[in-house]
Amino acid sequence: SRCWTSRRPSPSPIFHRHRHPLVRGPMDPFGDMFSKAAKLKSEQLKADRRKFEACPAFYKQSLYMEDELKLERQLPIDELLEAAHAIKDGGNARYARGEYGEAHHQYQRALGCVRYFQPTDPDWRKGGFKDETLREVSVHDQCDTLPRARWLHELLVSCYLNIAASCLARKCEYPEAIAACDEAIALDSSNAKAYFRRARCQYEPLSCGAVEQERALRDLARAAKLAPADPKIRAEYSRLKNLIRAQRETDRTTFDGMFERGPALYDPEEERKFEEGRRRELEEDQQRVGKVAMERVYGMIAEAEAQGNTALAKQLRIQVDEAREKAAAQRAAQLDWNNPTAEIVEDCKRSGIDLTDPNIRELFVQLKESAQQNGGKLPPDAAELSASPRAQRDQDWKRWLIAVSLAFIVLNVYPIITALGSSRR
């Protein structure tokens with residue numbers, strides 16, 4: 001007798017019946033072949049347009065706006081800039097209403113009016129495109145006057161910052177936001193918003209680690225230097241710094257002794273060197289920002305003189321001189337001779353000055369106070385400062401000779417230090 005429970009059920013005929021010829025199942029060999037061919041073609045095209053694929057998303061999107069922005073791109077430069085600003089303002093209105101995706105698209109459109117990819121092949125949508133068949137277009141050459149150049153500069157920086165803001169609002173597309181902040185910083189290295197938003201793009205993603213947090217902390221430190229009165233930036237900087245410190249303490253407690261050289265990772269000396277290196281990096285960035293700003297101002301002065309606007313050139317020069325004097329005063333006020341940095345100690349050591357001696361540090365402090373009381377100038381006879389109570393009590397001829405020699409050196413070195421500080425600014 002047959003056991004009906006042991007029989008395997010036959011395949012249902014419905015599975016093979018009434019299938020549309022274009023509907024391909026997971027086991028269809030034609031569907032697999034078509035998918036593989038499409039992937040292969042896509043990889044071949046990417047190999048021919050590596051430069052295009054390496055560009056940020058907002059720049060690549062300009063290629064596909066050829067028809068959408070055809071009329072705007074044919075306008076004269078003044079009307080083109082006005083149209084781009086109008087599109088950007090429309091994006092701001094949508095952003096205010098919470099329509100972040102549409103606002104993001106409008107910012108890309110505004111940017112695509114003045115900087116975009118233009119295909120040289122009219123049938124590129126059918127046959128694809130390569131790097132050789134694309135032309136990068138920018139309206140910088142058409143902005144031949146200072147007002148136009150400023151208008152374009154403000155438009156670009158604003159679009160880049162707004163693209164980053166729309167990405168942060170939607171909590172997605174962080175790489176595009178970072179690239180937009182990079183472009184904004186390249187145009188304006190003193191823009192605190194660009195550093196602040198780039199920092200947020202680095203530490204807000206759930207996949208961020210210690211490296212991204214350190215980069216974000218450096219950006220927040222730069223932003224705090226550029227905008228010291230912004231409470232939001234300072235609050236985020238303190239919060240992230242405390243978070244990193246707490247994470248290091250947790251890691252030290254968790255992993256200390258697990259590896260043979262584990263404690264060396266948290267050596268206080270290494271931590272001090274790291275902090276000093278970061279401080280030096282911030283100072284170099286600040287000097288670089290000051291140099292770029294001065295070059296830009298001198299360019300504006302030259303442009304004004306070339307146009308015959310001597311009043312504007314004179315006003316800019318007065319502002320430059322005032323900024324130099326202010327920077328020199330701040331530089332002098334920040335010098336703490338009671339607690340000199342290692343760099344200052346080494347510089348003075350090369351000049352024959354030993355700042356490890358407390359008497360010499362006291363003399364420097366007195367010289368600084370006297371200079372501040374005299375409007376930034378040293379007293380006529382700085383040698384009198386050597387007659388301090390400590391020097392009068394100690395009748396050591398060597399200490400007296402060092403103090404007098406040091407006073408003579410300071411009279412010549414202090415203006416040079418102040419001048420260097422102002423020139424770096």
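Is Tyr 195 buried or exposed, and what is its relative accessible area? Tyr 195 is buried, at a relative accessible area of 7%. The legends below take this residue and its surroundings in turn.

The model is predicted, so local features need pLDDT of at least 70 and side-chain atom pairs count only at pLDDT 80 or more, while totals for chains, interfaces and linings use all residues. Residues are numbered from 1 along each chain as its sequence is written, and side-chain values use heavy atoms, with hydrogens and water left out.

**Figure 1. The chain as a whole.** The secondary structure comes to 18 helices and two strands. Helices (H or I, at least four residues) and strands (E, at least two) are DSSP runs, numbered from the N terminus. Of the 425 residues in the chain, 33% are buried. Buried means under 20% relative accessible area, exposed means over 50%, and partly exposed lies in between (1.4 Å probe, protein chains only). Among contacts with a separation of 6 or more, 62% join residues 24 or more positions apart. Contact means heavy atoms within 4.5 Å.

**Figure 2. Tyr 195 and its surroundings.** Tyr 195 lies in helix 10. Its side chain reaches the backbone oxygen of Ser 189 at 3.3 Å. Leaving aside neighbours within four places in sequence, Tyr 195 is in contact with Ile 185, Ser 189, Asp 219, Arg 222, Ala 223 and Leu 226. Tyr 195 and Ala 221 are 26 residues apart in sequence, yet 8.8 Å apart in space, C-alpha to C-alpha.

**Figure 3. Helix 9 against helix 10.** Helix 9 (residues 174-187) and helix 10 (residues 192-203) pack at about 160 degrees, with axes 9 Å apart. Axes are lines fitted to C-alpha atoms, for helices over the stretch in contact, and angles run from 0 to 180 degrees between N-to-C directions. The two helices are therefore roughly antiparallel. Angles over 145 degrees count as roughly antiparallel, under 35 as roughly parallel, 65 to 115 as roughly perpendicular and the rest as oblique. Helix 9 passes helix 10 in a left-handed crossing. A crossing is left-handed if the near helix is turned anticlockwise from the far one by less than a right angle, and right-handed if clockwise. Helix 9 contributes Tyr 174, Ala 177, Ile 178, Cys 181, Asp 182, Ala 184 and Ile 185 to the contact, and helix 10 contributes Ala 194, Tyr 195, Arg 197, Arg 198, Cys 201 and Gln 202. By class, this contact has nine nonpolar, one polar and three charged residues. Ala, Val, Leu, Ile, Met, Phe, Trp, Tyr, Cys and Pro count as nonpolar, Asp, Glu, Lys and Arg as charged, and the others, Gly among them, as polar.

**Figure 4. Helix 8 against helix 10.** The axes of helix 8 (residues 146-170) and helix 10 come within 10 Å and cross at roughly 30 degrees. That makes the pair roughly parallel. Their crossing is left-handed. From helix 8 come Leu 161, Asn 162, Ala 165 and Leu 168, and from helix 10 come Lys 193, Ala 194, Arg 197, Arg 200 and Cys 201. These residues divide into five nonpolar, one polar and three charged.

**Figure 5. Helix 8 against helix 9.** Here the axes come within 8 Å and cross at roughly 155 degrees. Helix 8 is thus roughly antiparallel to helix 9. This crossing is left-handed. Residues of helix 8 in the contact include His 153, Tyr 160 and Cys 167, and those of helix 9 include Glu 176, Ala 180 and Leu 187. The contact divides into 14 nonpolar, one polar and two charged residues.

Figure 6. Most residues other than glycine have a negative phi. Lys 171 is not a glycine, but has a positive phi of about 55 degrees. Glu 173, also not a glycine, has a positive phi of about 55 degrees. Lys 171 counts as exposed, at 59% relative accessibility. Glu 173 counts as partly exposed, at 34%.

**Figure 7. His 104 in helix 6.** His 104 is found in helix 6 (residues 100-114). At 5% relative accessibility, His 104 counts as buried. Its side chain makes a polar contact with the side chain of Ser 166, at 2.8 Å. A polar contact is a pair of N or O atoms within 3.5 Å; within protein, one must be able to donate a hydrogen and the other to accept it, and residues adjacent in sequence count only if both atoms are side-chain atoms. Leaving aside neighbours within four places in sequence, the contacts of His 104 include Ile 163, Arg 170 and Glu 173.
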